[in-house]
Structures are given as C-alpha cells and as structure tokens.
Amino acid sequence: MPAEAAERQRQGSPPRQVRRARAAVATVFFLTGTVFATWASRVPAVQERLGMSAGALALALVGLSIGAVSALPVVGGLVARYGSRPVLLVGMVLYAGALPLLAVAPNLPLLALALAAFACGNTAVDVAMNTQGVLVERAYRRPILGSFHAMFSLGGIAGAAAGSVAAGQGVGAGPHFLVTGLVAVAAFAGAMTILLPDPPDAADPGPALALPKGGLWIPGLIAFCALMGEGVLNDWGAVYLHDATGADDGTAAAGFAVFSAGMVAGRLAADRIRARAGTVPFMLACGLVAGLGAAVAVAVAAPASGLVGYALLGLGLAAVVPVVFSHVAELHPDRPGPSIAAVSAVGYGGFLAGPPIIGAVAEGAGLRVAMLVPVLLMIAMTLLAQRLDNPRSTR
C-alpha cells in the first residue's frame, strides 16, 4: 500500500485526505449558496408578514450591507490570528443560525439587525471557505477554486428552487428557514471534521484589520469591477429587459436565469482553461467575453440580444473573483485569509455601489445609457488584468 500511495502521488493524484477535504469544501460552498438563496427566495413572504412597503424593505436590507462591509476587514484579521477553521465554524453557526430569525423578526429594526448578523456570518464563512479552498488547491497543485464557486452557484439554484416549491405549497417562511438552518448547521459540522489544517505559521498576532496593501490593490480593483457588474445585473438586469427592450415579464425574469447559467458554465470550465492558458491570458479573455456581453445587451435594444448579452456577461464574469482570490493567495502564501479578506473588502464595495449608481444615472440619462456602465467596467477590468504579471503591481 505505501508503494501504491507513493506512485499515485508521483502521478499527481492527491492523497485521500485531500480528496475528502475537497468534497468538504465543495459542500460548504454549496450550502452557503443554498442558505442565501433560501432567504432571497422568500423575501416577499417576509415583507408581506410585516406589511412593509418597498421603501421599508429597502431600509431593512441596509442591514445586509452594513453587516457585510463591517465584517470584511475584521474577518481577515481573525483568520490570521486563529486560522480559517475556527472562523468558519463560528461563521457557520451565525450564518445558518440567523436564518430563522429573519422569519420571526417582529418589526423593521429587528429585521435589519437580524440581516446584519446574517451578513456578518456570511462574510466570515465566505472568507474562511475561500481560504480553505486555496489550501486544497495548493494540495492539488492545479487550479480548482473555480469549481468551488460553481458549487456555490448550484447551491443558489437549489435553494431558490426549494424556496419556490415551499412557497407554492404554502409552507411558511418560519418552518422553511428553521429546517434549512438546522440541516445546514448539521452538514457544516460534518464538513468541519475533514477540512485541512491551516499552515503551522498561519496564526499570528498580526493586525486586527485586513486592509489592502501594495500589490493587493490591482486584484482588489479587478474584483471591484467584476462584482459591480454582477450587482448591476442582479438588481437591474430584469428591469432593463422589461423597460428598455420591451420584453414581457417572463422573458425579463429569464434574464437572471440566463446570466446565472453562464456563471455556472464558466466556473465549471474555468479551472481547466486557466491551468492551460495562465492567469493573465485567462483574465484578459474573461474581460473580453464579459465586455462583449455587456455591449451586445446595450447595442441592440431587443430581448433576444439582451439574453445573449447576459449569457456572455455571466460566462465572462464567472471565474474572475475565484481567480483573483487564488492569485492573491499565491502572492501571500503565508497569509491567504487576510489577503482574500482585503481584496473582498474592495470587491464587495463595487457589488454594493453598483445598483445605486445605475439608478442615479438612469434617473438623469435613462436606463439604456446607465447600462453602459457595465461596458466601461469590463474595459477597466481588462486593462487592470494586464498588470497582474507586473512585479511592481503584484508584490
């Protein structure tokens, strides 16, 4: 058996512990997407239970932004001090544990508070699970982080589908969220037992806040452009199809599904393509495909071109963030968690800022003009990607 194990390792097949860790990390990504989609799919039920107007709901959702933004720089420091596994455990409990609270919050302020806790847990899980993904990727000695992000997308699809079925069967948000939260915590706990340990020198009394420094700004700005484009499509994609191209309600709703399908396909294929092409050529290709998609959607104001553009945009954006995370972990192999958190802090700023910017531009110049913003973002992302291999920009 030792001879067989040595031969398997020589041929590039990772040991059993690493393969099991890959399955565990994939499970965590899938469940993280499932839990968030569970909430997103039942927002109308929560809104109806509290009798909130659209404006009141928007105020409550500010809790998500506050929780995410405030947690990002802190989580990186915690991962540096204590390792990714303890942070992942605490984040899991907070994330899945806060889910049932969203269904029973009695008023707007408490709903906003529960959403802030939910977002804090999500942020902790996000940074820690990506750190674990990087550790597994190192053990495999080839790109695999994109496949983990594909599992997140698939988890989102599963969670949204389950939410649709639950709503259609008249299952209340309370029981739905409670069962989902309990199942997620149990599955999370099982996955925790087979995750890889952090490097021996990973824990240190470094800074409590993980903020971008030097070479992290270029990857951070690339993530900013990608996530801002994703945020715009999430919030304005269907509206653009309906108002600017004249698409009916069903076609407009299909826009997000097409975009999501492009994201899943891109993430499933990304690791193999990146391994052959290299990081910078791969990122340039992503920027070109995403830019083409954004341009097609705006150039011809028709539902069909909009759907084609959304598919290309999802395909191009799919792997940008996982590749950026993998890249910064390679730049700082001794501190992958804080590096990922610092880049995330910049990137998610774009995710949160994008939709309001589109709204402001649309108010003054029209929605079709506003949707030129993603085109400009993809151009900027492509230009920035060319600097990833410049030592002055990355070290």
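1. **Ground rules.** This is a predicted model: local features need pLDDT of at least 70, side-chain atom pairs count only at pLDDT 80 or more, and totals for chains, interfaces and linings use all residues. Residues are numbered from 1 along each chain as its sequence is written, and side-chain values use heavy atoms, with hydrogens and water left out.

2. **Secondary structure.** Start with the helices. The chain has 17 helices and 0 strands. Helices (H or I, at least four residues) and strands (E, at least two) are DSSP runs, numbered from the N terminus.

3. **Overall dimensions.** The C-alpha trace spans about 65 × 45 × 40 Å along its principal axes. The chain has a radius of gyration of 21 Å, which agrees with the value near 21 Å for a compact globule of 395 residues. That radius is taken over C-alpha atoms, and the globule rule is 2.2 Å times the number of residues to the power 0.38.

4. Of the 395 residues, 50% count as buried. Buried means under 20% relative accessible area, exposed means over 50%, and partly exposed is in between (1.4 Å probe, protein chains only). Now the contacts, meaning heavy atoms within 4.5 Å. Take those with a separation of 6 or more: residues 24 or more positions apart account for 84% of them.

5. **Charges.** The chain carries 23 positive and 18 negative charges. Their mean positions are 9 Å apart. Lys and Arg count as positive, Asp and Glu as negative; His and the chain ends are not counted. The place of a charge is NZ of Lys, CZ of Arg, CG of Asp or CD of Glu.

6. **Cysteines.** How many disulfides does the structure hold? It holds 0. A disulfide is a pair of cysteine sulfur atoms within 2.5 Å. C225 is in no disulfide, and the nearest cysteine sulfur, that of C286, is 13 Å away. C225 counts as buried because its relative accessibility is 5%. C120 counts as partly exposed, at 25% relative accessibility.

7. **R141, a residue to check.** R141 lies in the loop between α6 (108-140) and α7 (145-168). Its phi is positive, about 60 degrees, although R141 is not a glycine. Most residues other than glycine have a negative phi. Is R141 buried or exposed? R141 is exposed, because its relative accessible area is 76%.

8. **A96 in helix α5.** A96 is found in α5 (residues 84-104). A96 is buried, with a relative accessible area of 1%. Leave out residues up to four places away in sequence, and A96 touches G181, A184 and V185. The C-alpha atoms of A96 and F118 are separated by 7.6 Å. These two residues are 22 apart along the chain.

9. **H176 in helix α8.** H176 sits in α8 (residues 173-192). H176 is buried, with a relative accessible area of 9%. Residues up to four places away aside, H176 touches T38, R42, A162, G163, A166 and V171.

10. L376 counts as exposed, at 58% relative accessibility. T382 is buried, with a relative accessible area of 13%. Neighbours within four places in sequence aside, T382 is in contact with L284, G287 and L288. L376 and A295 are 81 residues apart along the chain, and their C-alpha atoms are separated by 9.4 Å.

11. **L227 in helix α9.** L227 lies in α9 (residues 217-244). L227 is buried, with a relative accessible area of 5%. Which residues is L227 in contact with, leaving aside its neighbours within four places in sequence? They are V321, G347, Y348, G350 and F351. The C-alpha atoms of L227 and Q17, 210 residues apart along the chain, are separated by 33 Å.

12. **V69 in helix α4.** V69 is in α4 (residues 54-82). V69 is partly exposed, with a relative accessible area of 47%. V69 and E363 are 294 residues apart in sequence. In space they are 26 Å apart, C-alpha to C-alpha.
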